[in-house]
Amino acid sequence: MTDHLELRSGAYYDSVSLMQVSRQVAGGNGVSAAQVAMATELNLEVIGAMGFTVPQGVQPNELVVAIRADDADGVAAGLAALDAALAGLRSAGSGAGGFGAAPPPRTLGRAVRAGDATLALVSVPGQHATVEAFDAIAQGVSVMVFSDNVPVEDEVRLKDAAAAQDVLVMGPDCGTAVVGGVALGFANVVERGPVGIVAASGTGAQQVMALLDAAGLGVSHCLGVGGRDLSSAVGGRSTRQALAALAADEATESILVVSKPPAAEVLADLEGYAAGLGKPVHWATLGAGRPDLTAAVESFLGALGREVPPWPHWDALPISATLKDPPDQDPHDASESDGSRREPRFLRGLFCGGTLADEAMLVAAQELGVGLRSNIPLSPDLALDADLRAQAHLVIDFGDDELTRGRAHPMIDPTLRLERIAAEGADPGCGVLLLDLVLGHGAHPDPAPELAEAIRGARAVATAAGRDLPVVVSLTGTRGDPQGLDTSGAQLSAAGAAVHLSNAEATRHALALLGVDRDGATR
Amino acid sequence: MSTPLRGLLQADPVVATAGASMFADALRDQAVEVTETDWQPPLDGSAPHLARVAGDPRRREANELAWQRMTAAGADFVDVRPASEALGLERGTFLHAGPPIEWERASGPLRGALIGAMLFEGMADTAEAAEAALAGGDVELEPCHHRDAVGPMAGVVSPSMWVYELRDEVHDHTSWCSLNEGLGKVLRYGAYGPEVIDRLHWMNSVLGPLLQQAIRAAGPIDVKSIISQMLQMGDEGHNRNRAGSLMLLRELLPTLITADGSSSDIAEAVRFSGANEHFFLNLGMPACKLSTLAAEGIPGSTVVTTMARNGTDFGIRTAGTGDQWFTGPANTPEGLFLGSYGPDDANPDIGDSAITETAGIGGFAMAAAPAIVKFVGGDVPLALRATRTMYEITVGEHTAYQVPILEFRGTPTGIDVSAVARTGILPQINTGMAGRVAGTGQVGAGLVTPPAACFTQAIAALAAAVPGDG
């Protein structure tokens, strides 16, 4: 028999709790008797009667621990049980309710702790996003930063802090992520599958996932890294971490990196890094002279030995009510024989998705042989004025920071773009309207009817003015999306728009309707 | 090799969100467990400073250390001595509550207490003469906090006054506080009539020496232990000290009644102390001061080490910015009034007693003292909500001070300036109210918060102290 008696000061517990603690200690392996109590006279008597010798001068505020065990191991087991029981008392209190519900967490760090979260999502206004993201990193969880307008130096600091904690910053300005089958932000419903995606582009990732879905290929994870991650300033910090994580992930068989035009040296660096990961990494990085996203996905499918399917599309249906010509006649003939001779007609691309707009400009610039004017121009000399108007081929990204300040993203609030669609209907310079529509979680719950209505309206205005206005829609979505891909496609085609799942195909179709050949000449 | 990103890709995600609730809804639609932050914009102008402080790699560990030191600090009541001896307080210098202030800006109750101290020290024969001398700058004024001391309400300590002496043996710190005079017309509330001065003389000649004998014979009394017990007996240690006062008296009685003194003096000392519900406050405050003193001087820490008011300004200091005070105009408490007094009679917030909240009791432990709402106003849910809300702005939970109704959860401890600025939640303080006019005394008790300006200044200074460029 081994007796252990110790006094602990500065720790007060109530007697009921200590009775439970004593019982837990007595249940320790090899413990034959135990009493843990505050050193009141009564308790000291009890402990004395058990045969323990209590030293003189014990203060009633001290905690007495008396353990009798078979041997030293038994004492150790008893003390371990004591520590666990006391820790349990404290943790039972942490977050405990008492009367009524606790006030809701007011900081992201508190929310992470309250919910035992493994991932955080920040969509507060940009100037406050850095603080929340740092808080999540400090709690040891990865964080998706949907917020835009975050300074690039903050992005670098966040990503360095995250790397030190072995967590990932997805963003800022990260619209899309899929983690373990869960869609975050704007994301389409995709089957679980072998493809891991690293995306420095929200709608680009959505387009790629939609194409993969159409090809019957699922996604393990889609890790957004923010549109600036492959810039020189950020240097691919998150992409590197995401690549390593996907390389170690058993569900991921091959990796596809999707990006807006990257900095050349960053891309080269990452290609070198990816080569050492032991898993095939493919690149769908937009840029002049590089394949568009559809072409990149097609060669990715080829590399996997899979067949490239015909990409889903919905033909424009003639609308009898607004049509002057017989249905069997090409509805565009009248305007071309009439209007285009007198004045030049232009491509008007009105987009919600930044990367989709980028891709459309890259494809169109190659086909047209001239640069497109834009609020997110491929080169600075092509920038549009603040009124966003020009007698030229132009593409507007309504999701750009400048146009979303103080306003919801156009995928949620389409008002600005709908106004512009109506304006283009009245503009004789508008030769073809190219639009995008992105489905999935986070987007408008049913955006197609509203857009179809706007298309009908614009076409009617053009028709009334004796012109025809062909419309092409790039529809990004999957068959699992809550809005319904086929339904949406049908609604738009019924409004007279040609609809394509592939954004590149949609763009080329629009150019063809404008009468542009592959050599860039206008018919 | 360990799993990258802490296993993020290997488990079903559990998500916490801050911002648009549509994203949380979309996650719930996918049967994902989501905790939403009740996010609100930070205090005006603090956003860039918060971003800078949030990225300070020292901060997390520095705040952890501050919390550790605060909760580990001991508080043993060891002696009672004159301030001249204990604090080295020289004749011609008076200590006062709160951040530094000069006579011209001093409020009614502080002026009243300073006048009283002049009369008590024999430095003036009349209130008018005292006022003239004070206005003429004859007396040096210094915050109690600058000497590691604390004083309730006006907090005026003059060299002849006796003070309690408490020791933190863990960190080798000492703190002091004046003896409590009871309630009603008392110096600390700005009264200076003859009964106030007579009582002070009696405390000096009878009470102080008897308490000195008693504590020296009884040996150190563990004040921290009394605080942990009183919180379980319905006290919060700032405005309700009933259980604490009785426990203190219980500790002192055996050696107080055997002290060398006349039986009538001893009887009067016992009666005076036993009748005073705030007898313990003047020991609880220096115990709290020892706790926050232990957290001072930790670079990178955003924990508040001082909250104090002088009746004009509210001032705070932080662990990461040394002795610098961040001040703003003190608010006027809201609460219940004594007799025929009303809101117009109340002076703005005054006293060093907010050290209790700084250390994690007082208003922060209000849930432990639901009966206090009968004294400061409000209802029992308010008391519970007050404590639970303070967890949002503190870095940890106290290891010794617990709240039974919250299932013995430790009290919220260590106010984080950045959490205050982020959430706009201001520390909850329970306090007494002094009359606006010098000489009035106490007019009521209630609840008050610091001005937000203290925290916006502090976060700016903390941001400026973050190393690195920018």
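Predicted model: local features only at pLDDT ≥ 70, side-chain atom pairs only at ≥ 80, totals over all residues.
A:Asp135 and B:Arg422 are joined by a salt bridge whose closest N and O atoms lie 2.8 Å apart, a salt bridge being a side-chain nitrogen of Lys or Arg within 4 Å of a carboxyl oxygen of Asp or Glu. B:Arg422 also forms a salt bridge with A:Glu132, where the closest N and O atoms are 2.9 Å apart; this pair crosses between chains, from helix H5 (residues 126-138) of chain A to helix H15 of chain B.

Residues are numbered from 1 along each chain as its sequence is written, chains are lettered from A and ligands numbered from 1 in the order in which they are written, and side-chain values use heavy atoms, with hydrogens and water left out.

**Interface of chain B and chain A**

- The contact (heavy atoms within 4.5 Å) takes 75 residues from chain A and 61 residues from chain B.
- About 5,900 Å² is buried between the two chains, with carbon and sulfur atoms giving 57% of that area; buried area is the accessible area (1.4 Å probe) that two parts lose on being put together, summed over both.
- Across this interface, 25 residue pairs are in polar contact, both residues being at pLDDT 80 or more; a polar contact is a pair of N or O atoms within 3.5 Å, where within protein one must be able to donate a hydrogen and the other to accept it, and residues adjacent in sequence count only if both atoms are side-chain atoms.
- The elements of chain B that each supply at least two residues of the side touching chain A include strand E1 (15-19), helix H1 (21-29), helix H14 (380-390) and helix H15 (417-423), with helices (H or I, at least four residues) and strands (E, at least two) being DSSP runs numbered from the N terminus.
- By class, that side of chain B has 30 nonpolar, 17 polar and 14 charged residues, where Ala, Val, Leu, Ile, Met, Phe, Trp, Tyr, Cys and Pro count as nonpolar, Asp, Glu, Lys and Arg as charged, and the others, Gly among them, as polar.

**Strand pairing**

- Strand E4 (residues 119-123) of chain A pairs with E1(B) in the parallel sense over five bridges, and A:Val122 has B:Ala18 as its bridge partner; two strands pair if DSSP finds at least two bridges between them.
- In chain B, five strands form an open sheet of mixed pairing in the order E6-E8-E7-E3-E9. Strand E6 (149-150) and strand E9 (221-222) of chain B stand at the edges with a single partner strand each, so one side of each is left without a neighbour in the sheet.
- Strand E7 (residues 162-168) and strand E8 (residues 173-178) of chain B run antiparallel and are joined by six bridges, with B:Leu166 standing opposite B:Ser175 in E8(B).

**Domains**

- Chain A is divided into domain 1 (2-93), domain 2 (106-172), domain 3 (174-309) and domain 4 (313-514), the bounds coming from an automatic or database domain assignment. The centres of domain 1 and domain 2 of chain A, taken over C-alpha atoms, are separated by 44 Å.
- Chain B is divided into domain 1 (1-39), domain 2 (59-67 + 297-464) and domain 3 (76-286), and 54 Å separate the centres of domain 1 and domain 3 of chain B, taken over C-alpha atoms.

**Local backbone and loop features**

- A cis peptide bond, with omega about 0 degrees, joins A:Gly171 and A:Pro172, and A:Pro172 is found in the loop between strand E6 (169-170) and strand E7 (176-179) of chain A.
- A:Leu388, a residue other than glycine, has a positive phi near 60 degrees.
- The side chain of B:Gln232 makes a polar contact (3.5 Å) with the side chain of B:Gln402.
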